[in-house]
Amino acid sequence: MSVYFDTLETRDPAVREAALMAALSGQIAHAQAHSAAMGEILAGVQAGEVNSRATLAKLPVTRKSDLLARQKAQRAAGQDAFGGFAAISRGPRMRRIYGSPGPIYEPEGVAADYWRAARAMVAAGFRSGDLVHNAFSYHMTPGAFIMESGAHAVGCTVFPAGTGQTEQQLEAIVELKPQAYLGTPSFLRILVEKAAEVGTDISSMRHGLVGGEAFPPSLRDWFTARGMQVYQSYATADVGLIAYETSSREGLVLDEGVIVEIVRPGTGDPVGEGEVGEVVVTVLNPDYPLIRFGTGDLSAVLPGFCPTGRTNARIKGWLGRADQTTKIRGMFVHPSQVAEIVRRFPGIGRARLVVSGEMANDHLTLVIESDGNQGDDWRQQVVDAIRDVTKLRGEVQMVPLGSLPNDGKVIEDARSYQ
């Protein structure tokens with residue numbers, strides 16, 4: 001097998017962008033016609049006019065909390081458990097239903113490699129004929145099935161190990177000698193450490209693709225030192241594979257079946273290359289056509305292309321969570337409220353609401369980047385806007401442009417709880 005899953009990975013970027021934008025209009029029209037929830041969210045949108053990233057950015061972002069709220073409301077009314085988001089119904093076109101924490105219910109259609117995970121596996125060194133030890137959970141959630149379907153598309157055989165039962169899993173590895181591992185990095189470390197403790201040889205496993213939790217470079221290097229090349233994938237139960245690591249170890253390459261935007265937390269506004277923001281995904285899946293789905297994860301676009309020859313854009317990987325909602329003096333303050341304040345004042349660059357003090361004595365300071373030419377009246381207007389938007393009193397601290405860290409943080413809780 002080639003080092004690539006298919007030729008889509010090495011397309012000219014302009015050709016890829018044209019294909020994605022051409023597919024976008026059709027996907028929006030399909031979502032409006034076949035997904036009741038997306039039809040409502042996109043009411044009045046002319047699908048044929050949404051054919052660029054600029055026009056896509058004008059559409060509303062649907063975040064996981066919105067999806068959950070719609071599902072709960074419809075379930076409470078005895079209606080659709082999917083909240084109107086699925087474009088298929090139970091029967092021959094729906095293979096499985098999964099339940100993720102919330103609970104959020106996700107449908108699985110019948111397409112081969114439905115979640116598009118095979119691309120990540122080829123990049124991680126999986127090849128046809130390999131036996132894959134799949135230690136993702138097979139219980140309710142789709143993680144194991146996302147990866148199993150990808151492994152089958154590559155031509156691998158899968159051992160459905162699931163989670164737990166370390167001793168039995170080690171026994172199976174010794175006797176079956178799988179070449180590759182799927183699962184969380186923490187469980188793989190448990191297996192490796194237990195094998196070393198009891199003197200079990202699991203050296204047949206040379207490759208791994210992990211997900212579901214952070215995978216720091218220190219842990220990656222720990223596996224490398226023990227003869228395993230382990231790579232990370234970035235996927236969610238809602239949209240499937242979003243991005244994957246390659247042998248270059250330089251960020252994560254975006255999947256070919258999604259359109260990814262990085263937006264300022266609490267808004268739908270795209271940020272510039274290199275700036276940290278929330279990952280928003282439009283998936284080209286006709287069965288579950290989520291348009292501008294806010295994952296709640298933070299990342300940033302890397303400049304340039306992957307040294308392996310893959311030409312899609314790259315992101316830095318998981319950099320935290322975008323939902324920084326904080327309770328202050330009994331009131332919840334959301335990142336979207338900070339964004340609303342910033343919108344009112346074009347002279348503001350980045351902004352960060354810092355909550356300090358001790359419990360029951362909260363102190364709010366909105367730290368804003370500016371060129372310092374606005375004057376005291378302007379500062380007071382910002383103070384008034386804080387009160388207007390959040391219903392809380394706060395102060396304003398002005399700092400030079402470029403002073404705040406590029407980490408996507410909009411609300412910082414610096415209170416002492418001792």
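Me: Over residues 137-281, how much of the chain is helix and how much is strand?

Reply: Helices (H or I, at least four residues) and strands (E, at least two) are DSSP runs, numbered from the N terminus. Residues 137-281 come out as 31% helix and 28% strand, and the end C-alpha atoms of this stretch lie 24 Å apart. An unreviewed UniProt entry gives residues 137-281 the feature "domain: AMP-dependent synthetase/ligase". UniProt positions are in the numbering used here, feature names are shortened, and annotations may be inferred rather than shown by experiment.

Me: What kind of model is this?

Reply: This is a predicted model, where local features need pLDDT of at least 70, side-chain atom pairs count only at pLDDT 80 or more, and totals for chains, interfaces and linings use all residues. Residues are numbered from 1 along each chain as its sequence is written, and side-chain values use heavy atoms, with hydrogens and water left out.

Me: Now sheets, please. In what order do the nine strands of the open sheet lie?

Reply: Strands of a sheet pair through backbone hydrogen bonds, either parallel or antiparallel. Two strands count as paired if DSSP finds at least two bridges between them. Here the order is β5-β4-β6-β7-β8-β9-β10-β15-β14, and the pairing is mixed. At the edges sit β5 (157-160) and β14 (301-302), each pairing on one side only.

Me: How many bridges join β4 and β6?

Reply: Three bridges join β4 (residues 131-134) and β6 (residues 180-183), and the two strands are parallel.

Me: What do β2 and β3 form together?

Reply: They form a hairpin, with three residues between the strands. In its turn, G102 has a positive phi of about 150 degrees. The strands β2 (residues 94-100) and β3 run antiparallel, joined by six bridges; in one of these, R96 has E108 of β3 as its partner. Strand β3 (residues 104-109) has five of its six residues buried, so the rest of the structure largely encloses it.

Me: How many salt bridges does the structure hold?

Reply: A salt bridge is a side-chain nitrogen of Lys or Arg within 4 Å of a carboxyl oxygen of Asp or Glu. The structure holds 29 of them. One of these joins R63 and E278, at 2.8 Å from N to O. This pair links distant parts of the chain, 215 residues apart: R63 is in β1 (residues 62-63) and E278 in β12 (residues 277-283). At 21% relative accessible area R63 is partly exposed, whereas E278, at 2%, is buried.

Me: And how are K194 and E197 placed in helix α8?

Reply: They are three residues apart in α8 (residues 185-198), so about one helical turn separates them. K194 is partly exposed at 22%, while E197 is exposed at 61%.

Me: Which residues make the contact between helices α10 and α11?

Reply: Helix axes are lines fitted to C-alpha atoms over the stretch in contact, and angles run from 0 to 180 degrees between N-to-C directions. The axes of α10 and α11 are 10 Å apart, and the helices pack at about 145 degrees. On α10 the contact uses Q337, E340 and I341, and on α11 it uses V382, A385, I386, V389 and T390. Helix α11 (residues 376-390) also holds Q381, which is partly exposed at 42%.

Terms used. Buried means under 20% relative accessible area, exposed over 50%, partly exposed in between (1.4 Å probe, protein chains only). Contact means heavy atoms within 4.5 Å.
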